[in-house]
Amino acid sequence: VALEHRAAELPRLFAEIQNGGTLAAYAEAVRQVAAETGVPVADVYAEWARLLADGVDTDGMLANGLNHPTADAHAIPAQLLLQLVAESQSAQS
């Protein structure tokens with residue numbers, strides 16, 4: 001298959017992975033492993049799902065319209081990580 005034909009399939013494939021349950025299944029598996037091992041999770045998938053449920057245009061938060069967050073959207077995982085660090089510090093005090 002020519003490169004341009006494979007590239008033309010990327011939007012459909014990304015949408016299928018994101019909206020067809022594959023990405024949700026991976027996110028759930030990460031949550032389960034984290035719970036079993038006692039490791040905290042910065043659950044970016046859940047945060048994006050919450051934003052979508054709140055009416056935020058999460059597709060508009062993708063720089064390439066497919067799968068790469070805008071500069072502003074990169075703040076989401078950073079904020080989640082900072083929250084986990086703060087919670088960890090509070091628990092140790």
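The lining of the largest pocket comprises 14 nonpolar, 4 polar and 1 charged residues. Here Ala, Val, Leu, Ile, Met, Phe, Trp, Tyr, Cys and Pro count as nonpolar, Asp, Glu, Lys and Arg as charged, and the others, Gly among them, as polar. This is a predicted model: local features need pLDDT of at least 70, side-chain atom pairs count only at pLDDT 80 or more, and totals for chains, interfaces and linings use all residues. Residues are numbered from 1 along each chain as its sequence is written, and side-chain values use heavy atoms, without hydrogens and water.

Of the 19 lining residues, Q18, L23, Y45, W48 and L62 lie nearest the pocket's centre. Helices α1 (3-19), α2 (22-37) and α3 each supply at least two lining residues. The most come from α3, with 5 residues.

Now follow α3 to its neighbour. The axes of α3 (residues 44-53) and α4 (residues 75-92) come within 10 Å and cross at roughly 120°. Angles under 35 degrees count as roughly parallel, over 145 as roughly antiparallel, 65 to 115 as roughly perpendicular and the rest as oblique; α3 and α4 are therefore oblique to each other. V44, E47, W48 and L51 of α3 make the contact (heavy atoms within 4.5 Å) with I76, P77 and L80 of α4. These contact residues divide into 6 nonpolar, no polar and 1 charged.

Terms used:
Axes are lines fitted to C-alpha atoms, for helices over the stretch in contact, and angles run from 0 to 180 degrees between N-to-C directions. Helices (H or I, at least four residues) and strands (E, at least two) are DSSP runs, numbered from the N terminus. On a 1 Å grid over the protein atoms alone, a cavity is a set of points where a 1.4 Å probe fits but cannot get out, and a pocket is an open set with protein on both sides within 12 Å along at least five of seven lines; lining residues have an atom within 4 Å of a point.
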